[in-house]
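Hi everyone, thanks for coming. Let me put the model up on the screen, and then we can walk through it together.

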Amino acid sequence: MTRECAVLLPGVCAALADPRQPGLDDTCLEKLLDWFRSLTWFDPTVELVQDNPCLTELLSSVLALADPSPGILSFTLQLAGILASSESRFQHLQQEKLLGRLFGPEGPRGSAAWEDASVRSAWLKGVHSMLHHLPALHCLCSTGGMDVIFTLQGDPSLFVASAASQLLVHMLTFSLESETSKALSAKDCDWPGCAQMIVEHIKESLQSSSAPHIEQSLKLLSSLFGSCFGSCYAAWTEVLWLDIARQIESFLLEETVQAQPLLANLLLNVARSPAFCGTEGSFWALVTSALEHLTPVQAGPLAVGLLKLCKCPQDVRIQALTVLLQPMDCILRAASQPLECAGLLDESVSDPATVESLLSSKTSCAGLLCQTLTHLEKLLSLKHLRVDLPCVSLLHSLITILQFCNGFLSPTSPLGSTISRNLINCFRVQKSALDVLAALSEKKECDTLIGNLFDVLLAYLQSPNTSPTVLKKTFQATSKWLVHLQELSSSNSQWPQTEKILEDVLVVLQKRLCSPCWEVRDSSLEFLTSVVKCLRDQKEFRQCLLSSEVLRLTENLLEDPESYVRASAVTAVGHLAPIACFAPESPVTGSQYNKETIVAKLQEILSTDSEGFPRRAVISIFTKWLREGCTGQLEDTERFVSRVIQTVERDLDWEVRLGGLELVEVFCSQTICQLSQCPYAPVSSAVPSATPQNELLQVFCRAKLFGFLFGSLCDCDKPVGQRACDVLVGLRGHFYPMSTLENPQEIEDSPAGRGIAWLQRTLRQGSLAQNFPVDGDVGVDFQDPESMMLALGAIDLLELHDELNKSSDHVEESPQSLLQDILAAVGTIEDNEVDCY
């Protein structure tokens, strides 16, 4: 603790204990507790409380109050726990007889204040902070604290109940690591004292007839096995499991027990423990039983969790996959004539009638399918799935679901008709099915159904009943499958089929680009951008695209009334331009879609659009073009960059200005490469083979980069200043590679040097105006190469860099500032002494 803080602390403690003072803001109290946590973490000695007696005086004063406010009492309980977190400070507070009066029977837990949930929560937090040494643990166990914690497990406040559960997990783990000295086998189950109390409480609760007590213990067990206890104490995990396994099994078989939904999470957390790495044993048999007896909704999370485990036995893994596939299997069977489709599964884990019943119910059909589809999408995203998914049948099932949802399929079976009625226009199921459909595009074995798949996708894209959100998902799935189709046609010479599908998709896209709904136009443009990114190198795709009306319609949307659509149109045009008008091939015939027109339109948007989204999109596209070399030779690029940054530096949107700095950074990097004869960079024919550094400076000055960069250093938005400084530091590293910087004292005699000295002073004050005011007759010529070379060498850019990267609260949130603010809030110091923020 600093001397300044030690001086302020007594006043703060006195104010906190004074009932006449108004209550402090909870945020201030939390910050104060955070400060004490950091102090005690780094210094476990007793000196903190001995050197600052005001802390113990605060605890005593609050205890002496007849009716302390819940806020101050909660703060005091947490502070006492933090101070007692080391054994030496614990013993000191015990000698002062403070801890028993705070956490013992005579403390708040026996008073009216206990009715406040914040006090109960603070008591638990204080105990949790304190329990880092055995004296605290023994003290709590001997004064009835365990019974209090057990009771708080069922507290009506979820925050209190959760804190009690977390505390019990901590206590059991701490008891094992502190009180166990010998190796343990599964037959040796002598739990240490505190752990024994917790384990006995769990067993008694599980065997009770009280449903709330059973649920509390199951939640506690789930937290316990899911914590470091389950991974670090394998032998104890096995002992605990053997104690409760029979009771857990009985819950699975008793369908009336309300605790069944909690069993799946418990079994999954136990399965993750190293104690059950073997493929044999009663535990996995119990898991198998759970997959059979839990409802499909309850078993789904358990099944997908087991499939992610690398050590799950193969037979259990197959059974888990079967649970997930049962609803999909039921869909296939319901949609088919007898014997026409065998479905996904040869046999079921549980009674198929259960799944059929859920899918036949209007209230449960969509929920079960959405959960199943979400789990399947997670599995498809895994790089290494240790069980084979029947992808073709799964795809068939997804197509069937999508046909049900849009009314494209009229099944003849009674079950199929019921499911179809339940799913018609069900957007939730449509979106989930399309997500899985997109994920399946990575699977090669699905090629046999690709024709049927695109029939369904095109039907959704064409249907006026497709909602905008479902249409967006359809576009995303179509994009992924088009990429897969293109790869397939390249390898199998199936271009005629691919061309027909591509033409059909582009026809639909043209209609959607003219939709009266702005969300549809926006999704259509996003789809177009996605497809162009992936297929731009395919000659056949480019030909189909350039022969359609898509380019013209996209260009028209640059003037859309909706700013989101204009931004998406900018991005789409930016990706189309390299293949439509920047490429060596001739531009589109009979169209105004040419380089000069497109650049002019985007520059107009950048300078005149009233919304930020389109302008941000333009600067992003210009940077993309620059990176890809679409802006021509160095001279053309120089003029292009100069025009852009003169527009950007006046923009009120800081993200646009930041994008302009990124553009400048790319331009500087490319220009340095070109003029320095970088072996990996294209060489401009107009540039001499040996260009002095002055040529580089002249290019940057002609492009007016330095004015933009130095002006951005004092931008009111810090990220802009930080990026500008990064660029300037990078440039200085190029022009002064050996740190041979200029001496500011030596250059001030020249006119340019006086200007640079003024610039340094102005930058330190952070007051550089946009038009660069002069100091008397001394100004800075930002287009003069000599002056800019001096500026790069003389101005302390690293100092500026450090200042810009300092957190804005590096002063305001210091402990000293916090203490001053607390004192100011209670009126004990003058306003001018406070660090107000």
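Predicted model: local features only at pLDDT ≥ 70, side-chain atom pairs only at ≥ 80, totals over all residues.

Residues are numbered from 1 along each chain as its sequence is written, and side-chain values use heavy atoms, with hydrogens and water left out.

With that, phenylalanine 613 sits in helix α33, residues 612–627. Its relative accessible area is 36%, so it is partly exposed; buried means under 20%, exposed over 50%, and partly exposed in between, with a 1.4 Å probe and protein chains only. Together with Trp518 and Tyr564, Phe613 forms a nonpolar patch on the surface, with about 280 Å² of accessible area in total. Areas here are Shrake-Rupley values with a 1.4 Å probe, and for residues only the protein chains shown count as cover. Patch members have over 30% relative accessible area and no salt bridge; like charges are joined within 9 Å, and nonpolar side chains (Val, Leu, Ile, Met, Phe, Trp, Tyr) within 5 Å.

Zooming out, the protein has 43 helices and 0 strands. Of its 837 residues, 52% are buried.

Now to α1, residues 3–17. What happens at leucine 9 in this helix? There is a kink of about 30°, shortly before proline 10; the bend is the angle between axes fitted to the seven residues ending at a position and the seven starting there. Leu8, Leu9 and Val12 are among the buried residues of α1. The buried residues of this helix pack against α2, α4, α5 and α43.

On to charges. There are 24 salt bridges, each a side-chain nitrogen of Lys or Arg within 4 Å of a carboxyl oxygen of Asp or Glu. One of them joins arginine 120 and aspartate 155 at 2.7 Å, N to O. This pair links distant parts of the chain, 35 residues apart: arginine 120 is in α8, aspartate 155 in the loop between α10 and α11. Arginine 120 is buried at 9% relative accessibility, and aspartate 155 is buried at 11%.

Compare aspartate 504 and lysine 500, whose closest N and O atoms are also 2.7 Å apart. They are 4 residues apart in α27, so about one helical turn separates them. Aspartate 504 is partly exposed at 24%, and lysine 500 is partly exposed at 46%.

Terms used: Helix = DSSP H or I, 4+ residues; strand = E, 2+ residues; numbered from the N terminus. Contact = heavy atoms within 4.5 Å.
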